Amino acid sequence: MNEEQLKKWKEKRQKRRDSFNSDGLLSGILSGDLQSLSSGITLLESNRKKDKEEAQKLVNSCLKYSGKSIRVGVTGVPGVGKSTFIESFGQVVIDKGFKIAVLAIDPSSEKSGGSILGDKTRMNQLSVQENAFIRPSAAGKSLGGVARKTRESIILCEAAGYDFILIETVGVGQSETMVNSMVDFFMLLMLAGAGDELQGIKRGIMEMADALVITKADGDNLLKARRAKKEYENAMHLFPANENEWIPKALVASAVENYNIVKTFDTIESFMNQTKINGSFLINRKRQDKYWLHETIAETLMLSFYSSESLVKVIAEVEKDVVEGKMSSFEGAEKLMKIYNHE
């Protein structure tokens with residue numbers, strides 16, 4: 001693409017962005033139009049003030065049509081086969097008469113800030129299905145690789161009529177609690193035969209998992225996967241009981257051979273039935289709403305703080321003093337907060 005072509009592409013893209021409005025997008029989303037849904041999520045991810053205002057209107061308008069899906073978080077170490085598993089699982093969901101949306105979070109480069117966003121390529125069969133929607137988003141600087149607007153994107157997907165919303169995260173770590181705070185069912189994918197089965201993963205994330213799936217359980221690896229399943233089951237018995245009374249399951253599965261993918265679906269269905277009957281499903285949803293209220297307040301305050309014109313120069317001065325040892329970081333923060341609070 002030469003300079004002239006790039007200029008025209010940017011102008012066309014900007015014209016399209018300027019045409020976004022919450023009313024028009026809402027109508028398209030409710031009718032299941034993929035272009036409107038994609039444009040709505042693009043609006044959510046924008047940092048422009050005008051876009052933020054329209055995005056908030058859109059989310060508020062979609063709220064009354066949301067909340068009816070099953071929200072599933074899928075995480076695991078790099079190379080565990082998350083995308084392959086999701087593609088196979090997505091086909092099962094569609095075969096059972098449901099619609100599935102996949103919000104795939106791609107890691108961003110620390111140097112350039114860019115992302116490959118290759119999940120549609122890795123899920124090429126699922127991506128062409130009429131009842132599937134795949135949206136890759138850059139993680140940016142979000143904790144745990146969860147894009148800042150993922151939760152709002154869930155609301156838009158639900159308003160568009162998707163029954164299953166899957167959030168695929170970039171990897172494993174305690175910060176994946178961010179994923180757990182926006183889903184109903186948390187699935188951890190693991191590999192067998194990669195050394196000590198209980199190493200390389202923190203206990204915290206295993207305690208959060210509603211199901212632990214040993215992937216790539218085919219060929220010579222099947223026996224290793226079954227052995228690993230036993231080890232994980234023994235480890236999971238040591239964890240405290242869940243408030244929702246659900247006993248986490250350990251499964252072995254192969255996305256390539258479609259082995260136990262239906263069983264994984266059945267496990268999620270059993271979880272939903274149990275938690276809805278005992279009332280813990282609704283309690284969890286309300287707890288999550290409260291959590292995200294406070295997360296949004298914290299984010300809004302931080303954005304307001306760093307965008308304050310009166311603080312721009314002072315922050316640089318305080319940073320210099322802290323680095324040179326003239327001021328402690330605590331003293332510096334207190335000084336900046338005093339200025340901010342007296343604006």
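Which residue just after α7 takes a positive phi? Select G161: its phi is about 95 degrees. Keep in mind throughout that this is a predicted model.

**Stop 1**

S31 sits in the loop that runs between α2 (22-30) and α3. Its relative accessible area is 57%, so S31 is exposed.

**Stop 2: helix α7**

Now select α7, residues 150-159. This helix is mostly covered, with nine of its 10 residues buried. Among the buried ones are T150, R151 and S153, as well as the run I154, I155, L156 and C157. E158 and A159 are also buried.

**Stop 3: the cavity**

How many cavities of 30 Å³ or more does the structure hold? There is one. The largest cavity has a volume of about 50 Å³. Its lining is made of 10 residues, and to find the centre, select E45, I105, S137, T150 and S153, which are the closest to it. Colour the surrounding elements next: α3 (34-45), β2 (100-106), β3 (132-138) and α7 each contribute at least two lining residues. Sorted by class, the lining comprises four nonpolar, three polar and three charged residues.

**Stop 4: R151 and D289**

Go back to α7 and pick R151, then show D289. Their side chains form a salt bridge, with an N to O distance of 2.5 Å. This pair joins distant parts of the chain, since D289 belongs to helix α12 and R151 to helix α7, 138 residues apart. Is each partner buried or exposed? R151 counts as buried because its relative accessibility is 15%, below the 20% cut-off. D289 has a relative accessible area of 42% and is therefore partly exposed.

**Stop 5: along helix α12**

Stay on α12, which spans residues 280-306. L301 is in α12, and it counts as partly exposed because its relative accessibility is 48%.

**Stop 6: other salt bridges**

Side chains of opposite charge can pair when their charged atoms come close. The structure holds 11 salt bridges, including the pair at Stop 4. Three further sites can be visited.

- Select E54 and K57. They form a salt bridge in which the closest N and O atoms are 3.7 Å apart. Both residues are in helix α4 (residues 49-62), at a spacing of three residues, or about one turn of the helix. E54 is buried because its relative accessible area is 16%, while K57, at 47% relative accessibility, is partly exposed.
- Select E334 and K338. Here too a salt bridge is formed, and the closest N and O atoms are 3.7 Å apart. The two residues are separated by about one helical turn because they are four residues apart in helix α14 (residues 329-341). E334 is partly exposed, with a relative accessible area of 48%.
- Select K320, E324 and K326. These residues are linked in a network of salt bridges.

**Stop 7: helix α10**

Select A228, in helix α10 (residues 221-236). Its relative accessible area is 1%, so A228 is buried.

**Stop 8: two loops with positive phi**

Which loop holds E245? E245 lies between α10 and β7 (249-252). E245 is not a glycine, yet its phi is positive, at about 70 degrees. With a relative accessibility of 57%, E245 counts as exposed.

Move on to N258, in the loop between β7 and α11 (261-277). N258 is not a glycine either, and its phi is positive at about 55 degrees. N258 has a relative accessible area of 51%, and it counts as exposed because the cut-off is over 50%.

How values were computed:
Residues are numbered from 1 along each chain as its sequence is written. This is a predicted model: local features need pLDDT of at least 70, side-chain atom pairs count only at pLDDT 80 or more; totals for chains, interfaces and linings use all residues. Side-chain values use heavy atoms; hydrogens and water are left out. Buried means under 20% relative accessible area, exposed over 50%, partly exposed in between (1.4 Å probe, protein chains only). On a 1 Å grid over the protein atoms alone, a cavity is a set of points where a 1.4 Å probe fits but cannot get out, and a pocket is an open set with protein on both sides within 12 Å along at least five of seven lines; lining residues have an atom within 4 Å of a point. Grid points are joined across faces, edges and corners, and a volume is the space filled by probe spheres set on the points. Ala, Val, Leu, Ile, Met, Phe, Trp, Tyr, Cys and Pro count as nonpolar, Asp, Glu, Lys and Arg as charged, and the others, Gly among them, as polar. A salt bridge is a side-chain nitrogen of Lys or Arg within 4 Å of a carboxyl oxygen of Asp or Glu.
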